[in-house]
Amino acid sequence: MFQKIKSMLSSDKGLPDTLSIEDEQTILRDGTEKQKEQLAARQDARPEVLYFLAEDKSASVRRHIAGNPSTPIQADELLKNDSDDTVRTELARKIGRLVPDMSSAEQKTLREKSIKLLEGLARDQLPKVRAMVAEEIKNSAEVPKELVDRLARDIEDIVCGPILQYSPLLNDDDLREIIAAGASSKALEAIASRTLVSEDVASDVAATLDVPAVAALLTNKNAQIREDTLDQIISQAESVEDLHKPVALRPQISVRAMKRIAGFVASALVHAMMEQSDLSEDQADELLEKVRDRLAAEKVGDDEARQLAVKAQEFYDRGMLDDAFVIEQITENNRELLLQCLAVMSDLAAETVRQVIQSKSGRAVTALCWKAGLTMRTAYDIQTQFALVPNAQLLSAKNGNEYPIKEDELEWHLSYFTEND
């Protein structure tokens, strides 16, 4: 027996599958730190062994004890105030996972002790320990409401965030009270991202004018937003570019709201907004006309146009003007730069290109793109997202990516605008 234990202690291999009481005692007395770690992690180790290791001088050993679900509650209580924060964090992770499942009558005493332990960890001075508790219980309806309330009102975002976003124990009154108390931006964003956000909570979030939170609210399909609340958000979004995309892509908005949004967002966003909406042809044409009028009125000054023309020529000389570049400018809403680039690529005057873009003719815009050496797929994107061609006038690709009309016809459509050049 002595020879077996001596061999075990001198081996670099892991501990054997089964350990006798003598083996455990030998490791506790003479084992290396690594062997004690392995023993501390074993769920078949005797409770008294695990309790003993809970006071080991090695934080690594105590950390394994903290994470072992077989560790007796008495040992866990010792570790609650451990000097090493990683030990307390690991303990918070374990207890947070165990408590929601402790609901049977025979576990009542253990559950009560574990909850008390969890409540202590929820008051830990280290945010990451409290955050671990919050992360583990965020989805549970089987933990004390008082514990959830405490974590939901924690000043640290990493602690309150998971609870505010996921906890089923928080009701509208709780959420509105937290918002009214002056929640942080991250906390507001978490509330706005809940699985279901009521109209009242949505209204309170919108009233804060916190941009990330309002954006999260708009992109949350399950957030219930009243028409007057949306009007308030649209008014804010007009001067806040970060809200343009979320408000434009908010599902199921009214035509009236769409008209307001179309008055300030990029043309590509207007197209995306229309694509997801069930508009009649007349409504779509009216919306596009409104945007075209706005864009025509936003024409840049002569000096800026000349500067962008120089930049476009530089891009051309460096070989940068291709389909990917064009799509990027559409996405970034660099309208005047794109217009100047199309002029360089097609070898046409910028004013001619401007007339083509404003023509509402899918064939003319397609001819311009062909002249510029772009693919038909890009030509379709320019029609829809840049030139805002009415649906009835759109020209689609042939066989998925080919120009649908012959070159002589493309030249003819373009000649209408170039005959005086």
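Guide: In this predicted model, a residue is called buried when its relative accessible area is under 20%, exposed when that area is over 50%, and partly exposed in between.

Visitor: Why is Cys160 called buried?

Guide: The relative accessible area of Cys160 is 2%, and the cut-off for buried is under 20%, so Cys160 is buried. Cys369 passes the same test, because its relative accessibility is 0% and the limit is again under 20%.

Visitor: What makes Ser83 exposed or buried?

Guide: Ser83 has a relative accessible area of 71%, and exposed means over 50%, so Ser83 is exposed. Ser83 lies in the loop between α6 (73-79) and α7 (85-98), and, with neighbours within four places in sequence left aside, Ser83 is in contact with Arg62 and Arg88. From C-alpha to C-alpha, Ser83 and Asp149 are 27 Å apart in space, and they are 66 residues apart in sequence.

Visitor: Why is the pair of Arg354 and Glu351 called a salt bridge?

Guide: The N to O distance between the side chains of Arg354 and Glu351 is 3.0 Å, and a salt bridge needs such a nitrogen and a carboxyl oxygen within 4 Å, so the pair qualifies. Arg354 and Glu351 are 3 residues apart in helix α24 (residues 350-357), which means that about one helical turn separates them. Arg354, at 9% relative accessibility, counts as buried, while Glu351, at 39%, counts as partly exposed.

Visitor: What parts does the pair of Arg363 and Glu409 tie together?

Guide: The closest N and O atoms of Arg363 and Glu409 are 2.9 Å apart, and the two residues form a salt bridge. Because Arg363 lies in helix α25 (residues 362-371) and Glu409 in helix α27 (residues 407-418), the pair ties together parts that are 46 residues apart in sequence. Arg363 is partly exposed with a relative accessible area of 33%, and Glu409 is partly exposed with 31%. Elsewhere, salt bridges that share partners join Arg176, Glu199, Asp200, Asp204, Arg226 and Asp228 into one network. A search of the whole structure finds 32 salt bridges.

Visitor: What lies 2.7 Å from a polar atom of the side chain of Arg250?

Guide: That is the backbone oxygen of Asn220. Beyond neighbours within four places in sequence, the residues in contact with Arg250 include Leu217, Leu218 and Gln276.

Visitor: Which residues have the most contacts inside the largest nonpolar core?

Guide: They are Leu39, Leu151, Leu164 and Leu217, in a core of 90 residues. Apart from that core lies another, of 42 residues, among them Phe325, Ile330, Phe386 and Phe417.

Visitor: Why is Glu24 called buried?

Guide: The relative accessible area of Glu24 is 4%, and the limit is under 20%, so Glu24 counts as buried. Glu24 lies in helix α2 (residues 21-30), and a polar contact of 2.6 Å joins the side chains of Glu24 and Arg46. With neighbours within four places in sequence left aside, Glu24 is in contact with residues including Leu19, Leu39 and Val49.

Visitor: Which helices do the buried residues of α14 pack against?

Guide: They pack against α12 (172-180), α13 (185-192), α15 (211-219) and α16 (227-237). The buried residues of helix α14 (residues 199-207) are Val201, Ala202, Ser203, Asp204, Val205 and Ala206. Just after α14, Leu209 takes a positive phi of about 60°.

Methods. Residues numbered from 1 in each chain as written. Predicted model: local features only at pLDDT ≥ 70, side-chain atom pairs only at ≥ 80, totals over all residues. Heavy atoms only, no water. Core = buried A, V, L, I, M, F, W, Y, C linked by side-chain atoms within 4.5 Å. Buried < 20%, exposed > 50% of the residue type's maximum accessible area, 1.4 Å probe, protein only. Helix = DSSP H or I, 4+ residues; strand = E, 2+ residues; numbered from the N terminus. Contact = heavy atoms within 4.5 Å. Polar contact = N/O pair within 3.5 Å; in protein donor to acceptor, adjacent residues only side chain to side chain.
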